[in-house]
Amino acid sequence: MSEKTTDALQTAIDQALKADRPRLAKYLSIETVAAKHLGIEETVSVIEQSLQELGAEVEVWRDISGSNPFVFGTLPAGPNGNSDKTLLFYNHYDVQPAEPLDEWDSEPFQLTEKNGQYVARGVSDDKGEFMLRLSAVKALQATGGLPCNLKFILEGEEEVGSPHIEPMTKKHGAALAADAIIWETGGKDADENFQVTCGVKGTASFNVTAKSAESDLHSSLAAFVDNAVWRLVQGLSTLRGPKGEVLVDGFTDGVKPLTPTEQAAVDQLPFNEEATRKNFGLKLPLLSDKPAEALINRPTITINGISGGYEGNGLKTVLPKEARAQLDCRLVPGQDPRHISELVQQQLDKNGFSDLHVSYNQGEPAFRSDLTDSFVQTAVATAHEVYGDAVKLVPNAGGSGPQAPFFEAVGVPIIDVGSTWAGSGAHAPNENVRVSDYVQAARYTARVLQNFGEK
């Protein structure tokens, strides 16, 4: 690409982002919280209109029972583009609740620009990412046309575990057909390396409950009567060692070892402990002396929350009759979410806690693209073009997402790339992206489409 053409593309991106800022603000202003059933239809309408303004054909799929609507859009390659190549973008339009509200420095559902950052709930996860992709499309249309066919699929339940992705992909697999998929979000690590991430960990979510009596008892009876909270924490403590090691028999059976290419990619990943501690406000020692590798390929078990008994003001000295904890496991390829919850129950039984009951909530299997795939290599080469030497190829993210059902339906590589940075705080108060990263990610999006579409 000539320098003149490059300058024209950057100018078109800058113009598109400026023109589209009111649309971004409108999109972020909607409190689209799936967990509270808020803002769904209004958000779907904005997405539909935004895609149509670019000339896309749009369908709103409401044929998956119990699901929030899926929005599907298609755009053909331009007259000089490659109509034999199709790329599918995945995004989600729901966001996390904004609470705790008193920890926000600005209104969470109002786009605020300060200190070189866009701040709002959803600006990094994942509403902002979708809008910058549309701006990149607009810039390409203004500078010669789309270099390939594009498809967009947006769901509205990612923040509650994407429970309807699998039936949707099974039903609409033919419509979703593409040569590659670019997943939602991604960005820069704590060392400012742009990451091309090729998969996700899986997850298994389940509850563990304990019951010790038919009613709360006077705490004086603790001399000879156990209570549910103690019973629960003692049982849970047998599942994990002091360094985070999972003590569940059979937990890692079937785990696929890293390929030499994957291991090489992991070995070159940096980990900036100082920046990580600062960004997250960490107070305790790290659980691994190889945190980068652990994030990629170490399964985990953790307690999300625990409740039981009295925690209010004043005194109420009781032996709680019931206690409940929610746990999740982050999984790697080769682990089955539901089977993992069954293994946890078996381990509690073995450890003498058969009275504790495990109930499975939901889960997603892990997924990892082939790092040697040509599209992955194109994505990495384009990243070096836009971000210079500060680029890392990452086998998979530490988080989860419904990539496995997409691969089963479409059978093509999936990568995560985007505009976030290590301080974006995706689920936290003051969620943000840096404006410079937002602009740079729009450029990367446009260039990766151009390189992908080359005949």
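The model is predicted.

**Aromatic pairs**

A pair of aromatic rings is described by the distance of the centres and the angle of the planes. The count comes to 13 aromatic pairs. Take Phe194 and Tyr444. Their ring centres lie 5.0 Å apart and their planes meet at 55°, so the pair is tilted; the edge-to-face class would need over 60 degrees. Phe194 sits in strand β8 (residues 194-197), and Tyr444 in helix α12 (residues 435-453). The pair therefore ties together parts that are 250 residues apart in sequence. Both Phe194 and Tyr444 are buried.

A second tilted pair joins Phe367 and Phe407. Here the centres are 4.9 Å apart, with 40° between the planes. Phe367 belongs to strand β16 (residues 367-368) and Phe407 to helix α11 (residues 403-410), so this pair links parts that are 40 residues apart in sequence. What is the burial state of Phe367? Phe367 is buried, because its relative accessible area is 7% and the limit for buried is under 20%. Phe407 has a relative accessible area of 36%, so it counts as partly exposed.

Ring pairs also link Tyr27, Phe89, Phe130 and Phe152 into a cluster.

**Charges over rings**

Two lysines lie over ring faces. The distances run to the ring centre.

| Lysine | Ring | Distance to ring centre |
|---|---|---|
| Lys85 | Phe452 | 4.6 Å |
| Lys127 | Tyr27 | 5.1 Å |

Tyr27, which lies under Lys127, is also a member of the ring cluster.

Asp20 is found in helix α1 (residues 3-29). Its relative accessible area is 6%, so Asp20 is buried. Which side chain makes a polar contact of 2.7 Å with that of Asp20? The partner is Ser135. Leaving aside neighbours within four places in sequence, Asp20 is in contact with Ser135 and Lys138.

Leu371 lies in the loop between β16 and α10 (374-387). Its relative accessibility is 3%, so Leu371 counts as buried. Not counting residues up to four places away in sequence, Leu371 touches Cys198, Thr261, Glu262, Ala265, Val376, Gln377, Leu393 and Pro395.

**Cavity and pocket**

Rolling a probe the size of a water molecule over the atoms shows where empty space is left. How many cavities of 30 Å³ or more are there? The count is one. The largest cavity has a volume of about 50 Å³. Its lining consists of Phe89, Glu129, Arg133, Ile182, Phe194, Val417, Gly418, Ala441, Tyr444 and Thr445. Elements giving two or more residues to this lining are α3 (127-142) and α12. The largest share, three residues, comes from α12. Phe194 and Tyr444, the tilted pair described above, both line this cavity. Phe89 of the ring cluster lines the cavity too.

The second largest pocket holds about 260 Å³ of space. It is lined by 14 residues, of which Lys256, Pro333, Gly334, Ala366 and Phe367 lie nearest its centre. Two or more lining residues come from each of β16 and α11. Helix α11 gives the most, with three residues. The Phe367 and Phe407 pair brings together these two elements, β16 and α11.

Definitions and conventions. Residues numbered from 1 in each chain as written. Predicted model: local features only at pLDDT ≥ 70, side-chain atom pairs only at ≥ 80, totals over all residues. Heavy atoms only, no water. Phe/Tyr/Trp six-rings, centres within 6.5 Å; stacked < 30°, edge-to-face > 60°. Helix = DSSP H or I, 4+ residues; strand = E, 2+ residues; numbered from the N terminus. Buried < 20%, exposed > 50% of the residue type's maximum accessible area, 1.4 Å probe, protein only. Lys NZ or Arg CZ within 6 Å of the ring centre and 35° of its normal. Polar contact = N/O pair within 3.5 Å; in protein donor to acceptor, adjacent residues only side chain to side chain. Contact = heavy atoms within 4.5 Å. 1 Å grid on protein atoms, 1.4 Å probe; cavity = no way out; pocket = protein on both sides within 12 Å on 5 of 7 lines; lining within 4 Å. Points joined across faces, edges and corners; volume = space filled by probe spheres on them.
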